[in-house]
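This report covers selected features of one protein chain.

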Amino acid sequence: MEKISAALRRIKPSASMAISQLALEKKAAGDDVIALSAGEPDFDTPKPIRDAAARAMDEGKTRYTAASGIPELKAAIARKFERDNNIKTDPADCFVATGGKQIIYNALMATLDEGDEAIVPAPFWVSYPEIISLAGATPIIVQADASQGFKITPQQLEDAITDKTVWLLLNSPSNPTGAVYSADEMKALADVLRKYPHVLVLMDDIYEHLVYGDTKFVTMAEVAPDLQDRVVTMNGVSKAYAMTGWRIGYCTGPSWLIKAMNKLQGQSTSNACSIAQWASVEALEGDQSFLAEWREAFNARRDFVVERLNQIDGIDCLTPDGAFYVYPSCGAFIGKTRSDGKVIENDEDFVMGLLAEQNVASVHGGAYGLSPHFRASYALSLPELEQACNRIEAYCKGLK
């Protein structure tokens, strides 16, 4: 007998993971695939961090830890928040999980009930609405298209809030668009939130260190410290330190919620990997100079990809201020026909044709709540990105 819970039937598989898996399968079959679909840096984890993991193993730090994380890492997290974000917090109010996704999952599952609502600006990271739905609540999608830089306005936020609203989820820099809220924009949203003390805020700051040019990163509890008692500030080591596989996310938040998240994690996965936790202490406390070098490399890649894509007839690509994604429009190709005779009815058809005909993997905008677009990562070498853009151009020219 097969029986799937109603809760699980409410959610969809991760589109980004699905297409990345498809790209891996094509590679394994011998196809020359360029994967622009994965959300991870192409750099190696810095050696001092790897060395810290080796020391932890040599010193026998391989046993269970407290579910919420080792004291040394929680202390490092508290220092990081004060050093980088002007957020004063106690290590007891810091929390460690197996990746940023588990932080978000724990926070939402610990607070949401059937009938509750959570506001999700679109484009959104694919898991936000699914976790909300899994909890039995309703995701309230607020559209922010290219004309407003993929960022919601204070009026849109206010219009979306009801007496059922529990959360606002805000991701800056954004996956999938790279949009970054300025200090003034963040303060304007805070002005709205002050009117509604029942609304919690989940700040997803995972791309904090990946901002370009004159753009400055800010987070809600930094610009509105009076709201700190209802803000969960989430971050992690995956994107900034090229530690995606190490699976360490962390956060700070109100004491009552951290305790609730700890209770949930204690009855699910328990602690994150002990070795990865010790490596993360080195990541947060060690030499940070390489971050500027990586940021410079990403900046050059961003500039190349944006310029090159905008040279393709029918593609319109904004310049993102952060993260390592572009989110170009492919609307000009809806209704055209691929070489296999299939009519492109939506952006998913567009990206599946791109993968089939040119072996370039990307993710359709529909997965992120705003079509017709596609997300492409530029966390690859410049030669790979040049080849990918050439293939995208060839694909677009072949559409009739």
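Which residues of β2 are buried on one side, and which on the other? The model is predicted, and in it Cys94 and Val96 lie buried on one side of β2, with Phe95 and Ala97 buried on the other.

Strand β2 belongs to an open sheet of seven strands with mixed pairing, ordered β2-β8-β7-β6-β5-β3-β4. Its edge strands are β2 (94–97) and β4 (138–143), each of which pairs on one side only. On average, neighbouring strands of this sheet are turned by 20 degrees against each other, direction ignored. Strands of a sheet pair through backbone hydrogen bonds, either parallel or antiparallel. The table gives one pair of each sense.

| Strand pair | Sense | Bridges |
|---|---|---|
| β2 and β8 (residues 249–252) | antiparallel | four |
| β5 (residues 165–171) and β6 (residues 200–204) | parallel | five |

Within β8, glycine 249 is the bridge partner of alanine 97. Leucine 169 has leucine 202 of β6 opposite. Helix α6 (residues 127–134) lies across β3 (117–122), β4, β5 and β6, and runs at about 155 degrees to β4.

**Helix α12**

Helix α12 spans residues 290–310, 21 residues in total. From first C-alpha to last, α12 reaches 30 Å, close to the 30 Å expected at 1.5 Å a residue. Its buried residues are Phe290, Leu291, Trp294, Phe298, Arg301, Arg302, Val305, Val306, Arg308 and Leu309. They are on the same side of α12 because they cover an arc of only 165 degrees around the axis. An α-helix has 3.6 residues a turn, so residues three or four places apart point the same way. The buried residues of α12 pack against β9 (325–326) and α14 (382–397). Glu293, Glu296 and Glu307 are exposed on the other side of α12.

**Serine 37**

Is serine 37 buried or exposed? Serine 37 counts as buried because its relative accessibility is 2%, and the cut-off for buried is under 20%. Serine 37 is placed in the loop between β1 (34–35) and α3 (47–58). Leaving out residues up to four places away in sequence, serine 37 touches Ile19, Ser20, Ala361, Ser362, Val363 and Arg375. With serine 20 there is also a polar contact, side chain to side chain, at 3.2 Å.

Methods:
Residues are numbered from 1 along each chain as its sequence is written. This is a predicted model: local features need pLDDT of at least 70, side-chain atom pairs count only at pLDDT 80 or more; totals for chains, interfaces and linings use all residues. Side-chain values use heavy atoms; hydrogens and water are left out. Helices (H or I, at least four residues) and strands (E, at least two) are DSSP runs, numbered from the N terminus. Buried means under 20% relative accessible area, exposed over 50%, partly exposed in between (1.4 Å probe, protein chains only). A polar contact is a pair of N or O atoms within 3.5 Å; within protein, one must be able to donate a hydrogen and the other to accept it, and residues adjacent in sequence count only if both atoms are side-chain atoms. Contact means heavy atoms within 4.5 Å. The expected span of a helix is 1.5 Å times one less than its number of residues. The arc is that of the directions from the helix axis to the C-beta atoms. Two strands pair if DSSP finds at least two bridges between them. Axes are lines fitted to C-alpha atoms, for helices over the stretch in contact, and angles run from 0 to 180 degrees between N-to-C directions.
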